[in-house]
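User: Please take me through this structure with questions and answers. Start with any term I will need.

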Amino acid sequence: MTLNHDPALDAGSGLPEETLRELRAIGARYPQARSALLPMLHLVQSVEGRVTSRGIEACADILGISAAEVSGVATFYTMYKRRPVGDYHVGVCTNTLCAVMGGDEIFERLKDHLDVGNDETTDDGKVTLEHLECNAACDYAPVMMVNWEFMDNMTPQSATQLVDDLRAGTEVRSTRGARICTWREAERVLAGFPDDRADEGPAAGPASLVGLGIARERGWKAPEGRTAGTTSGTPGATAAAEQADTSRAESETKVEQSPTDTVGGKGDETSTGEGKKR
Ligand code: FES
């Protein structure tokens, strides 16, 4: 696959040459180069602190699409920001369940405490506050996120302490274990450049695994998988079912190894530790 690479455009983009090289490297990962746009925009954010016009132009030039197409994507997804984001993007889930469990109260408290409105950044440039829709972590409501790491079972008090710690430069961990990095560092990971910390903290907490435990107790199994164009009983279907069983077994083994099955997981009321998503 050939990506557009016009040195004259690089010189005029205003982005560092290293960033342009990495943008092209992301594009080369995909059979259809335009599929790379989402991680490329994350990389732009990691360098620019937001999706800038020159970042849009660079993505368009490299992918051979129009700036309007790039802009259309960047303005559709809420994880792409056109205004500068602080060192820490603090999200408060105010969707239905979190809202009634205290999310609305937390959001109002933080607006007062930080003296900012929704999608605004504190004067010191440290914290950007935003209300979020459901984070698919309702079993830990009310939920917050810092740079897309989960903060479970929050209260107005723990929320204010959290932002105070972030602004003071104190090391903060997700309630699931991961150390909180800066928003730009997190954006680089989302662009596909790992920071080798993916295994900090468990993948799922105890409350999220309750259904799995019940299924095991009762011997429930997922239906056998099928591949397109095959029917049950054919060699293809049998192979697909075996593949599904293997994948399921591997998945369950991973869950069994999760630290949350032992101690210290968030949701364990005896835990004093804070317990991650990645
Ligand atoms: S409603 Fe907040 S995580 Fe689902």
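Analyst: A residue is buried if 20 or more other C-beta atoms lie within 10 Å of its own, exposed if 12 or fewer do, and partly exposed in between; C-beta atoms are placed from the backbone. This is a predicted model, in which local features need pLDDT of at least 70, side-chain atom pairs count only at pLDDT 80 or more, and totals for chains, interfaces and linings use all residues. Residues are numbered from 1 along each chain as its sequence is written.

User: Does D115 count as buried or exposed?

Analyst: D115 lies in the loop between α6 (96–114) and β2. Its phi is near 55°, a positive value in a residue other than glycine. Because D115 has 10 C-beta neighbours inside 10 Å, D115 counts as exposed.

User: What percentage of the residues of the protein chain count as buried?

Analyst: The chain has 10 helices and 5 strands. Helices (H or I, at least four residues) and strands (E, at least two) are DSSP runs, numbered from the N terminus. Of the 278 residues of the protein chain, the share that counts as buried is 33%.

User: How many of the 12 residues of α3 are buried?

Analyst: Helix α3 reaches 16 Å from its first C-alpha to its last, close to the 16 Å expected at 1.5 Å a residue (the expected span is 1.5 Å times one less than the number of residues). The buried residues of α3 are L37, P39, M40, L41, H42, L43, V44, Q45 and S46. Helix α3 is largely enclosed by the rest of the structure, because the number of its 12 residues that are buried is 9.

User: Which helices are included in what covers the buried residues of α3?

Analyst: Just after α3, G49 takes a positive phi of about 80°. What covers the buried residues of α3 includes α2 (17–27), α4, α5 (67–76) and α8 (183–190).

User: At what angle do helix α3 and helix α4 pack?

Analyst: Two packed helices are described by the angle between their axes and the distance between the axes. Axes are lines fitted to C-alpha atoms, for helices over the stretch in contact, and angles run from 0 to 180 degrees between N-to-C directions. For α3 (residues 37–48) and α4 (residues 53–63), the axes are 10 Å apart and the angle is about 145°.

User: In which hand of crossing does α3 pass α4?

Analyst: A crossing is left-handed if the near helix is turned anticlockwise from the far one by less than a right angle, and right-handed if clockwise. The crossing in which α3 passes α4 is right-handed.

User: Which residues of α3 and α4 make the contact?

Analyst: Two residues are in contact if their C-beta atoms, placed from the backbone, lie within 7 Å. From α3 come L37, M40, L41, V44 and E48, and from α4 come G55, C59 and L63.

User: By class, which residues does the contact of α3 with α4 have?

Analyst: Ala, Val, Leu, Ile, Met, Phe, Trp, Tyr, Cys and Pro count as nonpolar, Asp, Glu, Lys and Arg as charged, and the others, Gly among them, as polar. The contact of α3 with α4 has 6 nonpolar, 1 polar and 1 charged residues.

User: What does the packing make α4 relative to α5?

Analyst: The axes of α4 and α5 are 8 Å apart, at an angle of about 120°. Angles under 35 degrees count as roughly parallel, over 145 as roughly antiparallel, 65 to 115 as roughly perpendicular and the rest as oblique. Therefore α4 is, relative to α5, oblique.

User: Which residues in α2 meet α4?

Analyst: Helices α2 and α4 pack at an angle of about 45°, with axes 10 Å apart. That makes α2 oblique to α4. On the α4 side the residues are A58, C59, I62 and L63, and those in α2 are L20, L23, R24 and G27.

User: Does T122 count as buried or exposed?

Analyst: T122 sits in the loop between β2 (120–121) and β3 (127–132). Not counting residues up to four places away in sequence, T122 touches G86, L114, V116 and V127. The C-alpha atoms of T122 and G86 are separated by 7.7 Å, although these residues are 36 apart along the chain. Because 20 C-beta neighbours lie inside 10 Å, T122 counts as buried.

User: Which residues does a cis peptide bond join?

Analyst: One of the two residues, P142, lies in the loop between β3 and β4 (144–146). Omega is about -5° for the cis bond, which joins A141 and P142.
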